[in-house]
Amino acid sequence: MTLQLTVSPDFSPDHIAGWYVFNTWLQRQLGVRIHLELYDDFDTQRKAIAADQVDLIYANPYDAAMLVREKGFVAVAAPVDRPDEAVIAVPAESAVQHVEDLRPGSRVAVTRDPDVNLIGMIMLEPADLKRDSVVLQQVNSYVLVAKQLLQGKADCGFFLKEAFDDLSGPIQRQLRPLVASQISVVRHVLMAGPRMREHLPVLTDLLLKMHSGGAETGARVLEALGLKAWEAQDQEDTEFMIDLMDTLMR
Amino acid sequence: MTHMDGGAPVQSESREFTMRHHDGTVRHVLVRDVEVPYPEGKLIVSRTDPSGVITHANQAFVDMSGYVREELIGQPHHILRHPDMPAAAFKDLWDTLGRGEPWQGYVKNLRKDGSYYWVFATAIANVREGQVVGYTSVRRKPSPTRVRECVDLYARMRADEVTS
């Protein structure tokens with residue numbers, strides 16, 4: 001049987017090759033066949049999950065509740081020091097100095113990244129803005145969010161903080177962060193489905209040792225993924241994150 | 001008066017209140033009309049056991065409360081209750097959670113030094129294997145418009161509670 005690994009579609013394009021390297025490493029370490037499937041968007045990925053095609057997923061926190069409660073997934077590990085934080089930015093010369101200066105009808109450039117959009121909308125609440133009182137402009141990448149702002153097509157934009165920090169110097173200098181989230185506990189999690197259950201103890205052990213060089217080339221694979229290390233994520237950690245996301249979705 | 005930097009407290013006159021809680025405890029609190037602004041971008045998170053005793057507080061919760069963590073863990077959540085909050089708001093909270101539904105509302109919280117801060121709170125039950133093992137409350141920065149509405153609404157509700 002070939003198992004399937006997939007990655008939340010909001011992963012950085014810089015790390016596509018890294019996920020293939022990780023998949024090859026994982027197959028060698030576990031001695032099982034694993035196919036890496038990278039879906040173009042969240043809807044297609046959710047359909048594959050619904051059809052029980054996915055066995056291991058680096059999941060967006062937004063999908064964690066569905067994976068655990070509807071599909072019997074369990075958390076395996078989470079990346080160290082990689083919380084999902086959001087930034088709301090405006091063009092540098094914008095008259096908007098605080099979130100509260102934004103008005104109904106504001107044009108907001110966003111990606112399809114569900115947790116960043118959720119956190120971004122929460123940070124707009126002090127301005128009495130909700131989804132139905134702003135004009136959302138959905139684009140395919142954070143670079144395109146920046147482009148919308150620089151071309152004057154959007155009044156503000158939502159960024160994953162990491163993506164904002166990765167924008168080139170000249171682009172960043174033409175933007176100004178209004179507010180950045182500091183939530184800390186919302187993060188992507190590697191989750192395993194029911195068919196992965198028999199491999200869980202070995203998989204967990206391998207991941208937690210990856211950074212220490214205990215497993216062959218593990219540290220280099222982590223580097224290719226842009227991660228420092230994995231840390232244990234027990235079921236209660238995941239339940240806590242799900243409860244927290246649940247409060248934010250209301 | 002608004003205390004804008006969250007640092008050294010602004011001097012203001014203190015008023016003493018006696019608060020009687022649903023668990024029978026009576027608490028004397030000092031209140032000052034000094035608002036501490038909600039910290040930008042942060043969520044204030046706490047968890048309680050099923051009886052409302054604090055079991056977890058994140059750093060933003062600790063910072064905004066003015067207490068140290070050790071003073072909070074093990075205390076009833078009403079340690080944060082401000083006397084301007086109507087009892088009916090908290091009855092609604094517990095009734096709603098008791099029905100298995102999430103509760104949301106605007107809350108004026110009391111800091112240890114008597115100053116206050118407003119939050120938009122969401123509380124949900126933590127259900128594990130069908131059992132409620134506690135509650136999680138997540139607060140975010142409130143809309144100033146809704147806070148202004150609540151100041152008036154809660155004052156009317158408090159007045160009704162005093163007269164009834």
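## Salt bridges across the interface

A salt bridge joins the side chains of A:D243 and B:R47, at 3.8 Å from N to O; the term denotes a side-chain nitrogen of Lys or Arg within 4 Å of a carboxyl oxygen of Asp or Glu. Between chain A and chain B the count of salt bridges is seven.

This is a predicted model, in which local features need pLDDT of at least 70 and side-chain atom pairs count only at pLDDT 80 or more, while totals for chains, interfaces and linings use all residues. Residues are numbered from 1 along each chain as its sequence is written, chains are lettered from A in the order in which they are written, and side-chain values use heavy atoms, with hydrogens and water left out.

## Extent and composition of the contact

The contact (heavy atoms within 4.5 Å) draws 20 residues from chain A and 24 residues from chain B. The two chains bury about 1,900 Å² between them, 56% of it on carbon and sulfur atoms; buried area is the accessible area (1.4 Å probe) lost when two parts are put together, summed over both. Of the area that chain A buries against chain B, 28% comes from A:F240, A:T247 and A:R250, more than from any other three residues.

On the side of chain A that touches chain B, α4 (114-124), β9 (175-180) and α10 (235-248) each supply at least two residues. Helices (H or I, at least four residues) and strands (E, at least two) are DSSP runs, numbered from the N terminus. The largest contribution to this side of chain A, eight residues, is that of α10(A).
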